[in-house]
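Have a look at the fold below before reading on. The notes that follow walk through its helix packing and its cores.

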Amino acid sequence: MSKPTEILSNDHKKVLEKLKVMEQTIKDLESPNVKNTLLDLEGFFKKEVELHFKKEEEALFPEIEKFIPREGGPVGVMLMEHEDLYRYKDNLFKGVDLLLKDENSKEALVLIKENGTSYINLLREHIFKEDNMLFMMADMHLEENQIKEIMKKFEELDKKQ
């Protein structure tokens, strides 16, 4: 049986690959295929990453909070970072929408570059902290019944997607 942290860490590997693509795309916004790439990235980050965050926020984190308090603890930090990541993502893809309407939009380029770079940097740091600290703590403390409950919630969230 897979552990919830293994599933989430596997998601992280996919996300890190997409972040490389996003980073290269942001460096080369004048390329002819940039719009298609940005749309593909938008689909991935709006669907896959948001599902991943929901799994953490609705399934894993509540169980972790049973042995590590949210306030002043790693879960509180992760949740604050999720909020920042949601904001960067929304502004980034607001820029993409503007660029699709007007490929000469300076505002679009600024929104994409600034928010995209912030999103990439924060998400990489966030993933590192989860993989190397939070998930290790979870694996040490989660009991079998908690793991089963988390996995059940993961399945429910997958079905909703």
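## Where H2 meets H4

Leu 38, Phe 45, Val 49, His 52, Phe 53, Glu 56, Leu 60, Phe 61 and Ile 64 of H2 are in contact (heavy atoms within 4.5 Å) with Ile 112, Tyr 119, Leu 123, His 126, Glu 130, Leu 134, Phe 135 and Ala 138 of H4. By type, the residues of this contact split into 13 nonpolar, two polar and two charged. The model is predicted, so local features need pLDDT of at least 70 and side-chain atom pairs pLDDT 80 or more, while totals for chains, interfaces and linings use all residues. Numbering starts from 1 along each chain as its sequence is written, and side-chain values use heavy atoms, without hydrogens or water.

The two helices, H2 and H4, pack at about 35°, axes 13 Å apart (lines fitted to C-alpha atoms over the stretch in contact, angles from 0 to 180 degrees between N-to-C directions).

Now the nonpolar cores, meaning buried Ala, Val, Leu, Ile, Met, Phe, Trp, Tyr and Cys residues joined through side-chain atoms within 4.5 Å; buried is under 20% relative accessible area with a 1.4 Å probe, protein chains only.

| Core | Size | Residues include |
|---|---|---|
| Largest | 26 residues | Val 15, Met 22, Phe 45 |
| Second, separate | 17 residues | Leu 8, Ala 59, Phe 135 |

Phe 45 touches, among others, Val 15, Met 22, Phe 93 and Tyr 119.

And Glu 81? That residue sits in helix H3 (a DSSP run of H or I, at least four residues, numbered from the N terminus). Glu 81 is buried at 8% relative accessible area, and touches Leu 122, His 126 and Lys 129, leaving aside residues up to four places away in sequence.

Notes
Buried < 20%, exposed > 50% of the residue type's maximum accessible area, 1.4 Å probe, protein only. Nonpolar A, V, L, I, M, F, W, Y, C, P; charged D, E, K, R; others polar.
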